[in-house]
Amino acid sequence: MRDTDSDNDGLLDGEEVGTYGTNPNDSDSDDDGLGDGREVDATHTDPLDTDTDDGGVDDGTEVLDQGTDPLGREDLPSAPRRGAHPTR
């Protein structure tokens, strides 16, 4: 029997169920805007956790909109903010 990818997310159904615990019929199990296959293979984020780094911004927003690191706790864009002053 050949394993299939029912939701076309790049992960085989058997991998989703047996390895990652994701839904083989939902291409984005955590609904963060990144497909399960992309989270596992490209961004290395948790396909079952919308905010892998617990930084307050979901993984999809970080990757697709902000360009921030979904694995780093700092979820602000890397450019300095206006009026930001270094702490002493």
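The cover over the buried residues of α3 includes α2. Buried here means under 20% relative accessible area, with exposed over 50% and partly exposed in between (1.4 Å probe, protein chains only). The buried residues in α3 are Asp59, Gly60 and Glu62. Helices (H or I, at least four residues) and strands (E, at least two) are DSSP runs, numbered from the N terminus. This is a predicted model, in which local features need pLDDT of at least 70 and side-chain atom pairs count only at pLDDT 80 or more, while totals for chains, interfaces and linings use all residues. Residues are numbered from 1 along each chain as its sequence is written, and side-chain values use heavy atoms, with hydrogens and water left out.

The start of α3 has a cap. Asp58 sits at the N-terminal end of the helix, with a side-chain oxygen 3.1 Å from the backbone nitrogen of Gly60. That is a polar contact: a pair of N or O atoms within 3.5 Å, where within protein one must be able to donate a hydrogen and the other to accept it, and residues adjacent in sequence count only if both atoms are side-chain atoms. Just after α3, Gly67 has a positive phi of about 70°.

Now step back to the chain. It has three helices and zero strands. Along the sequence the pattern is α-α-α. Of its 88 residues, 33% are buried. The chain exposes about 5800 Å², and carbon and sulfur atoms supply 47% of that area. These accessible areas come from the Shrake-Rupley method with a 1.4 Å probe; for residues, only the protein chains shown count as cover. Contact means heavy atoms within 4.5 Å. Among contacts between residues at least 6 apart in sequence, 20% join residues at least 24 apart.

Next, the loops. Asp32 lies between α1 (13-20) and α2. Why does Asp32 count as buried? Because its relative accessible area is 5%. The Asp32 side chain reaches the backbone nitrogen of Leu34 at 3.0 Å. Leaving aside neighbours within four places in sequence, Asp32 contacts Glu39, Asp49, Thr50, Asp58, Asp59, Gly60 and Thr61. Asp32 and Thr61 are 29 residues apart in sequence, yet 7.7 Å apart in space, C-alpha to C-alpha.

Asp51 belongs to the loop between α2 (36-43) and α3 (59-66). Asp51 is buried but has no salt bridge. Such a bridge is a side-chain nitrogen of Lys or Arg within 4 Å of a carboxyl oxygen of Asp or Glu. For Asp51, the nearest side chain of opposite charge is Arg73, 7.7 Å away. Lys and Arg count as positive, Asp and Glu as negative; His and the chain ends are not counted. Not counting residues up to four places away in sequence, Asp51 touches Gly56, Val57, Asp58, Asp59, Glu62 and Asp75.

Two backbone angles deserve a look. Most residues other than glycine have a negative phi. Asn8, in the segment before α1, has a positive phi of about 55°. Asp54, in the loop between α2 and α3, also has a positive phi, near 55°. Asn8 counts as exposed because its relative accessibility is 67%. Asp54 counts as exposed at 52%.

Last, confidence. The mean pLDDT, the predictor's confidence in each residue from 0 to 100, is 87 for the chain, and 83% of residues reach 70 or more. Over residues 78-88 the pLDDT is below 50, and beyond near neighbours in sequence this stretch has one contact in the model.
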